Amino acid sequence: MTDEEGNQLIISGPPQAPFDTNICLQELLLTTLRKHNVKSIAQVEVETSRELTYGHLIRECLSVVQGLKAEGVGEGTVMAVISFNSQEAHVITLAGFFLGATMTPIDPSLTPVNHFGKRKYWGELSFTSDISYS
C-alpha cells in the first residue's frame, strides 16, 4: 500500500445531515449528546460493568463544569487528567473540554507507545522526570 492509499478517508453510510456552522464544537457535542434518550446507555465500563446513561453523563458533566468554573478553569487553561480509563475521567475530560480548556487525558497504566503510538517521524520517545522550570 502506498502512502497515498494509506491516508485515504473513506466514508460510507447515509448522507450526513447539515449542521449549524455558527456554533462552537463544545455546543455541537453537547447538542449531540442531548439528542439521545436520557435512559440510553452511553458507556459501559468493561472492568466493572458499570453503565452510564446519556442523561447521567450530561448531568455529571455540567455539575463538574460548575466546579471547574469556580476554580477559574476556562479557555486558555491546560488540564491533565491522570487516571485509568474510567467514567469519572471521561466526565472530567468532557467538562474541561466544554469550558474550552486544553485537555490531556493520561492513563498511567499505559506505556508511552500506547499513548502516542509508533510514528516514524517522531523517532525514539524519551521521557524524564527531571524538568527544569527556570
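## Basis

The model is predicted: local features need pLDDT of at least 70, side-chain atom pairs count only at pLDDT 80 or more, and totals for chains, interfaces and linings use all residues. Residues are numbered from 1 along each chain as its sequence is written, and side-chain values use heavy atoms, leaving out hydrogens and water.

Helices (H or I, at least four residues) and strands (E, at least two) are DSSP runs numbered from the N terminus.

## The hairpin

Strands β1 (residues 41-44) and β2 (residues 51-53) run antiparallel and are joined by three bridges; pairing requires at least two bridges found by DSSP. Gln43 has Leu52 in β2 as its bridge partner. Six residues lie between the strands of this hairpin, and Ser49 in the turn has a positive phi of about 65°.

## Helix α3

Helix α3 (residues 54-70) has 17 residues and spans 24 Å from first to last C-alpha, close to the 24 Å expected at 1.5 Å a residue. The expected span is 1.5 Å times one less than the number of residues. After α3 comes Gly72, with a positive phi near 90°.

Tyr54, Gly55, Leu57, Ile58, Cys61, Val65 and Leu68 are the buried residues of α3 (buried: under 20% relative accessible area; exposed: over 50%; partly exposed in between; 1.4 Å probe, protein chains only). They lie on the same side of α3 because they cover an arc of only 165° around the axis, taken from the directions from the helix axis to the C-beta atoms. The face turned away from that side carries exposed Arg59 and Ala70.

The buried residues pack against α2 (25-34), β1, β2, β3 (78-82) and α4 (87-98), where contact means heavy atoms within 4.5 Å.

## Thr93

Thr93 is found in helix α4 and is buried, with a relative accessible area of 18%. Not counting residues up to four places away in sequence, Thr93 touches Val81, Met103 and Pro105.
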